[in-house]
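Here is a short report for a reader meeting this structure for the first time. Keep the model in view while reading.

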Amino acid sequence: MKKNKLLIIGLIVTLSLMIIIVALTFFELQRDYFSNTIKNAEGKVLYEISSNATEYQKLIFTELSDVIENEGTPQEYAGSVVKNYVADFYTWSNKKGTYDIGGMQYVYQPEIVNIYNYAKDFFYRDLSYNIQTLGAENLLEVENVEITFSDFNAKIEYNGQMYQSFYVTANWTYVQKEGFDTTGYQTSGEFSLIDRDGKIEIYRYYGE
Amino acid sequence: MKKVNLKSKSNEFINLILFGLFAIISIVSVFNILQYLSLSYTLFIYGIAMLVLINVLVFILVRLFSKKKVLEMIMTGILVVLIGISSYALIYIVRINNAVGNVIVSDDVVENISTSFVTYDNTKITSIDDVSGKKFGIVDNENVLEGNSLAIEELESKNIDVTFIKYDTYNNMLLGLFSREIDVAPLPKEYYSMFIANDGYEEYLDKTEVVHEFSKKVKIEGEETVRKDLSKEPFSVLLMGNDGGRTDTLIYATFNPKTMVVTLTSIARDSYVPISCYTDQARDKINHSRQISRQCTLDTVSNLLDEKVDYFLEVNFDAVVDVVDSLGKLWIDSPVEFVGQDSSEDRGHFTVWIAKGGQFMTGEQVLAFARERKNMPGGDLQRQLNQQQVIRALLTKLLETRDTNAFVSAAESAGDNVKTNLSISQLAGLANYVIGEMNASELDNSYFVQMKNNRISGYFSWAYNDSLQLPLSIYKPYNGSIADARALINRNLMGDSYVPTNHKSFTFNIYTPYYGENFIKDYYDEAEVHDPLPDFMPSMTKESEPWLLADVKAWLQKRSWIKLNVTEIWETNPKYDASYLYNQVISQSVKYGVKTANITQLNIEIIKRELDCKIVENRTDEQCKSIVPNFIGMTRKEVNDWNLANGNIITFKETTESTYKRENVNTVISQSVDAYTKLKNVTGKIEVTVVAYPTLEITDVLTILNTWTKTDIENWFQLNKDKLFKEFSSYIIEEPNSDPTLTGKVITVALYENGVEVEKYNASNPKITFKGNADIRFVISTGPSTPTPDPGTGTGDGGTTTP
């Protein structure tokens with residue numbers, strides 16, 4: 001009987017461990033599901049924030065989430081999209097390499113490949129080299145983004161579709177770090193955005 | 001005494017044996033999948049832990065269920081099922097490992113090498129026994145197997161004595177065989193397909209015979225491979241595509257895991273570069289280096305690009321069909337429609353149709369597309385781009401495929417046809433890293449890894465083989481292109497010479513699409529060195545533009561030391577062939593391929609025929625330099641100048657009445673010989689008709705003298721205005737006259753020349769006939785003159801003064 005008791009205890013322990021492993025495996029495979037996302041009313045994921053986002057990125061991502069969930073004005077929505085784009089695109093300190101281009105979820109998705117490759121070949125081209133030589137933590141990090149104007153703009157047509165557009169201007173600053181001179185890096189932009197099926201996306205911008 | 005249930009003990013024993021079997025299969029399976037650990041460490045640890053727990057669970061259940069017969073039997077059933085499942089899984093894993101094991105080679109690998117003893121147009125040697133005492137070629141390079149050590153071993157094993165004649169390369173040895181310097185050449189089994197692409201070799205190769213063939217397993221020692229962590233460090237891979245033993249494709253690929261950029265730099269197979277394993281690194285076609293050894297090719301490419309070749313991936317084209325068909329069709333864009341060669345070994349099986357434009361291609365179509373050169377605009381250069389496109393499509397497919405069976409099937413298809421020194425753990429780690437980052441990206445999988453295409457560009461030329469008097473078609477890389485390729489490679493590998501660009505701002509506009517960087521530059525302004533004489537003569541087989549005299553002269557402009565003599569072949573010459581173009585070169589005194597530095601004189605024959613100089617396009621030709629011009633519209637003086645320069649063959653004819661127009665006077669209006677008639681065809685004089693000044697006539701001057709007034713003269717002028725070539729005022733001279741009754745009347749009519757009166761008209765000379773441009777003057781009396789304080793001076797031509 002004592003032997004049976006031991007076997008039953010062993011059986012329970014073994015089954016318990018198996019359940020734990022199954023749970024861990026499930027969590028490992030569905031890791032992305034548990035990340036911080038913003039969904040629309042239909043439950044479709046609109047935006048998500050990476051686990052290594054800066055504190056400022058997390059803050060303004062929450063702002064964006066509030067605007068969408070509390071049904072803020074479209075102007076606020078457009079302004080918040082620009083804020084999040086700038087904070088991600090112009091921050092290099094949390095990037096893994098040239099390929100890790102920030103803010104791509106905020107640009108016009110049908111042209112994302114063009115925009116991605118363009119950024120990769122120019123603004124992000126030296127990122128891997130800079131990470132290797134200077135260390136990622138010393139590189140660009142957006143400190144604050146200020147939206148100076150945000151309003152509706154004329155409807156535009158692209159590829160046969162009419163879109164409501166928005167015009168947003170923004171200024172931003174970088175965290176000053178020793179070992180990386182941010183002088184000359186872009187600090188402002190004039191953004192044009194469109195409402196594409198309830199998701200506001202940047203389709204062009206200029207700036208210095 | 002306690003009763004022992006022997007049957008039950010027996011059942012428990014069976015279950016314990018079955019459990020032991022299951023445990024063994026589990027352990028063997030774990031060992032077999034350890035090399036894939038880098039795919040996902042976490043999941044592997046969970047999986048192994050789960051397997052251990054399953055074994056523990058089964059063991060506990062076997063022990064627990066041993067008391068009751070029914071439970072024991074259920075346990076037996078469970079164990080049988082578990083053994084069945086785990087055995088199937090193990091077989092599957094072993095299949096994968098075998099397939100992968102065939103592809104992956106270690107630094108030192110045993111390969112089965114086949115060698116052929118080859119003769120050329122020689123009926124006296126029909127077997128290995130006839131080789132004794134003959135002149136036997138050997139490649140004087142210790143890296144060579146078939147043409148050196150294996151052949152010598154084979155001869156020694158059969159006690160056959162021969163006279164060895166050494167050559168630098170297989171190519172030279174083969175040429176030695178063709179020129180009968182040697183009787184037998186030991187060559188790789190695939191020698192025919194290896195050399196068939198060389199210009200002019202086919203007719204010689206067709207006369208070769210294999211008199212002996214043997215295979216030996218040989219341990220090939222490679223250089224020690226550095227095992228980089230491919231998910232952390234940039235690396236390079238030389239992709240080698242073999243077609244029937246010939247290396248047709250060489251692509252130096254780099255991948256940087258920190259940029260997710262692949263660079264593909266194609267190197268033309270005929271690139272004429274220093275070969276690392278040749279004596280003094282003599283130059284040869286780069287694909288000949290593979291005939292020596294794989295390592296020779298790796299070193300040659302490394303030296304050319306001044307970059308290390310970390311790894312290689314060697315693919316026989318035979319594998320492409322099955323690999324593609326295993327993974328599924330590839331989306332490929334063909335620049336042209338064509339029918340290409342299928343995968344069968346026989347040449348000339350043009351059965352694979354490829355449409356123009358983007359399409360899903362089967363394995364056969366992909367192979368035909370990757371091989372096709374002749375139908376492609378740009379020939380081999382376009383083929384290089386096509387091959388890069390295939391690689392891109394294949395990589396995209398691999399990244400997109402989630403079907404394990406497809407992978408296993410593709411790996412099995414690759415089999416012996418794909419070799420690489422990348423380890424499976426390296427590849428698994430790389431795949432895990434790329435897929436992980438790719439899944440975290442917003443980008444579609446097929447665009448996540450960016451490909452940058454490039455090629456080493458150059459120019460086609462010839463390298464002359466002195467022994468056979470045979471030129472080799474070669475491709476000479478531009479130094480600038482090599483430098484540019486190195487720069488791109490260095491950029492991706494982030495080497496020491498990486499130059500940051502420091503872009504500090506970014507903007508974009510979807511209305512301005514970005515098409516990516518273009519690295520391919522076909523032309524570099526570099527002097528063409530070591531250039532041999534081109535083949536000026538017409539070719540029946542080559543799709544080349546015919547050489548015309550002007551082309552030859554243009555080519556010779558930079559080679560002023562070569563004197564050109566041209567013999568014209570006209571219709572009456574037996575060599576004349578109407579199918580050739582006018583001025584086309586049909587023969588040359590120096591064979592093509594000879595170095596121009598050694599040529600001082602070149603005689604060529606060109607096709608000539610009579611040209612019709614009336615056709616505008618012909619008029620620039622020498623034949624139309626001496627022709628009758630189109631005189632019409634020319635002035636008499638211009639025609640006369642030409643006439644004086646061309647032997648005074650013009651006679652002028654004047655016309656006034658029928659074709660007269662005032663503005664046409666002195667202009668040619670017709671010519672007796674057609675314009676653009678060759679002068680040599682003109683017999684006699686050429687009559688040129690010019691418009692002359694019209695003739696006027698005053699029949700009786702007496703009706704004018706002392707009668708006409710200025711008004712009468714003006715009336716006369718108006719009446720003949722079209723025929724008169726001066727202003728009205730120039731016909732009038734006013735002079736005093738002593739007779740007051742004649743005041744205002746015409747007192748004299750005279751003809752002047754150069755301001756001097758040459759003829760006066762009066763009763764004895766009453767008829768006036770003159771040309772329209774004649775200086776005829778009517779002198780009108782102004783009445784008696786008034787005396788002046790200074791008498792004795794007069795004014796006016798022919799005028800008089802009165803005292």
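Chain B contains 19 helices and 32 strands. The model is predicted. Of the 803 residues of chain B, 32% count as buried.

**Nonpolar cores**

The largest nonpolar core holds 116 residues. Six of them touch the most other members: A:Val81, A:Val86, A:Leu193, A:Ile202, B:Leu238 and B:Val366. Helix 3 of chain A, residues 74–89, supplies the largest share of this core, with eight residues.

**Where the chains meet**

The contact takes 45 residues from chain A and 37 residues from chain B. On the chain B side, two elements give two or more residues: helix 2 (41–64) and strand 20 (508–509). Helix 2 of chain B gives the most, with eleven residues. By class, this side has 20 nonpolar, eleven polar and six charged residues.

Strand pairing also crosses between the chains. Strand 6 of chain A, residues 199–206, is joined to strand 20 of chain B by two bridges. These two strands run antiparallel. In strand 20 of chain B, B:Phe508 is the bridge partner of A:Tyr205. In general, strands of a sheet pair through backbone hydrogen bonds, either parallel or antiparallel.

**A three-stranded sheet in chain B**

Three strands of chain B form an open sheet in the order 21-23-22, and the pairing is mixed. Which strands lie at the edges? They are strand 21 (563–569) and strand 22 (585–588) of chain B, each pairing on one side only. Neighbouring strands of this sheet are turned by 25° against each other on average, direction ignored.

Strand 22 of chain B pairs with strand 23 (residues 601–607) of chain B in the antiparallel sense, over three bridges. In strand 23 of chain B, B:Glu605 is the bridge partner of B:Ser587. Helix 17 of chain B, residues 549–556, packs on the sheet. This helix touches strand 21, strand 22 and strand 23 of chain B. Its direction makes about 175° with that of strand 21 of chain B.

B:Asp121 has a positive phi although it is not a glycine. B:Asn706 also has a positive value and is a residue other than glycine. The table gives the angles.

| Residue | Phi |
|---|---|
| B:Asp121 | about 45° |
| B:Asn706 | near 60° |

B:Asp121 sits in the loop between strand 1 (108–120) and strand 2 (135–139) of chain B. Is B:Asp121 buried or exposed? B:Asp121 has 12 other C-beta atoms within 10 Å, so it counts as exposed, because the cut-off for that class is 12 or fewer.

B:Asn706 lies in the loop between strand 27 (695–698) and helix 19 (710–719) of chain B. B:Asn706 has 14 C-beta neighbours inside 10 Å, so it counts as partly exposed.

Conventions:
Residues are numbered from 1 along each chain as its sequence is written. Chains are lettered from A and ligands numbered from 1 in the order in which they are written. This is a predicted model: local features need pLDDT of at least 70, side-chain atom pairs count only at pLDDT 80 or more; totals for chains, interfaces and linings use all residues. Helices (H or I, at least four residues) and strands (E, at least two) are DSSP runs, numbered from the N terminus. A residue is buried if 20 or more other C-beta atoms lie within 10 Å of its own, exposed if 12 or fewer, and partly exposed in between; C-beta atoms are placed from the backbone. A nonpolar core is a set of buried Ala, Val, Leu, Ile, Met, Phe, Trp, Tyr and Cys residues joined through C-beta atoms within 7 Å. Two residues are in contact if their C-beta atoms, placed from the backbone, lie within 7 Å. Ala, Val, Leu, Ile, Met, Phe, Trp, Tyr, Cys and Pro count as nonpolar, Asp, Glu, Lys and Arg as charged, and the others, Gly among them, as polar. Two strands pair if DSSP finds at least two bridges between them. Axes are lines fitted to C-alpha atoms, for helices over the stretch in contact, and angles run from 0 to 180 degrees between N-to-C directions.
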